Amino acid sequence: MIKNAKNGDDSLITCEKWKECKGKECEPDCSYGLDWNNFNGWQVDLNLGKEAYITGNKSPTILDENNQYLTIEPGDFALLETEEDINVPSNLMGFISVRFKYKKMGLVNISGFHVDPGYKGKLIFSVYNAGPDDIIMKKGTPVFMIFFSTLTQDLSELENDLRNDDKDYIPKSLKEVINGKNNYFTDKDGFKSIPLELISMIQGSSVSLAKNNNRIEKLESSIKIYGSIAGGIIIALIGALFAFGINS
């Protein structure tokens with residue numbers, strides 16, 4: 001795990017198995033808040049989680065031991081979750097991306113590139129396959145990456161300063177906004193799974209040059225087949241009419 005330097009009781013990155021043994025002496029297979037093979041000094045790779053949604057499907061795909069692979073076809077949008085939970089303290093900000101391995105195949109992250117201070121939960125990536133081929137990925141393997149940057153001031157301290165300003169340096173309207181909610185800057189409840197509203201946003205058939213090309217090729221094949229049949233029928237009719245004219 002990567003520990004939060006400010007508070008050793010919290011971890012920046014945890015997995016579901018860690019929750020099962022938190023506060024206890026963990027077994028080796030239960031303590032992987034972070035797979036150290038994914039730690040690269042300045043950034044951490046994040047694994048593909050168990051839930052995904054691809055445009056055109058009626059429901060999300062659940063990946064497990066019997067169904068470990070996910071295929072994103074050219075032109076498809078997808079929602080992908082991380083295996084890990086991210087627990088960002090109020091003095092850090094996270095920056096996220098898709099690993100270059102998948103970028104060079106055409107996978108584009110279109111969901112955003114940062115994680116707010118105070119966010120706690122899984123990350124949901126909205127991606128698009130802009131490449132010419134299927135992109136295949138496996139559950140529990142590195143697909144994303146994250147790195148952290150320290151803020152010049154802890155947001156919880158900033159919020160406290162704004163609430164307790166007695167010199168009227170802060171506009172009254174801003175004070176009213178801040179005082180309307182506890183932990184205004186840092187209360188960021190994260191995702192536990194892919195929410196329905198995100199699925200609804202990308203539901204339906206996607207359109208791409210590759211898919212349009214396939215449709216055109218199928219249409220051309222159909223035209224050739226039905227054109228040949230129609231041509232044969234027309235020739236047969238002409239022959240029948242010609243024969244009828246001679247006999248009459």
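## What lines the largest pocket

Seven nonpolar, three polar and three charged residues make up the lining of the largest pocket. Here Ala, Val, Leu, Ile, Met, Phe, Trp, Tyr, Cys and Pro count as nonpolar, Asp, Glu, Lys and Arg as charged, and the others, Gly among them, as polar. Keep in mind that this is a predicted model, where local features need pLDDT of at least 70, side-chain atom pairs count only at pLDDT 80 or more, and totals for chains, interfaces and linings use all residues. Residues are numbered from 1 along each chain as its sequence is written, and side-chain values use heavy atoms, with hydrogens and water left out.

Of the 13 lining residues, His 114, Val 115, Tyr 119, Leu 123 and Phe 191 lie nearest the pocket's centre. Strand 9 gives the largest share of the lining, four residues, and strand 8 (114-115) is also on the list of elements supplying at least two. Strands are DSSP runs of E, at least two residues long, and helices are runs of H or I, at least four, numbered from the N terminus. The space inside comes to about 240 Å³. A pocket, on a 1 Å grid over the protein atoms alone, is an open set of points where a 1.4 Å probe fits, with protein on both sides within 12 Å along at least five of seven lines; lining residues have an atom within 4 Å of a point. Grid points are joined across faces, edges and corners, and the volume is the space filled by probe spheres set on the points.

## Strand 5 and its partners

Strand 5 (residues 77-87) has 10 of its 11 residues buried, meaning under 20% relative accessible area, with exposed over 50% and partly exposed in between (1.4 Å probe, protein chains only). Strand 5 pairs antiparallel with strand 9 (residues 119-129) over eight bridges, and Leu 79 has Ser 126 as its bridge partner there. Pairing takes at least two DSSP bridges between two strands.

Strand 2 (residues 44-54) also runs antiparallel to strand 5, joined by four bridges, with Leu 48 opposite Thr 82.

## Two salt bridges

The count is two salt bridges, each a side-chain nitrogen of Lys or Arg within 4 Å of a carboxyl oxygen of Asp or Glu. Asp 85 and Lys 122 meet at 3.8 Å, N to O. Asp 85 sits in strand 5 and Lys 122 in strand 9, so this pair ties together parts 37 residues apart in sequence. Asp 85 is buried at 5% relative accessibility, and Lys 122 is buried at 4%.

The other pair is Arg 99 with Asp 45, with closest N and O atoms 3.7 Å apart. Arg 99 is partly exposed at 24%, whereas Asp 45 is buried at 7%.
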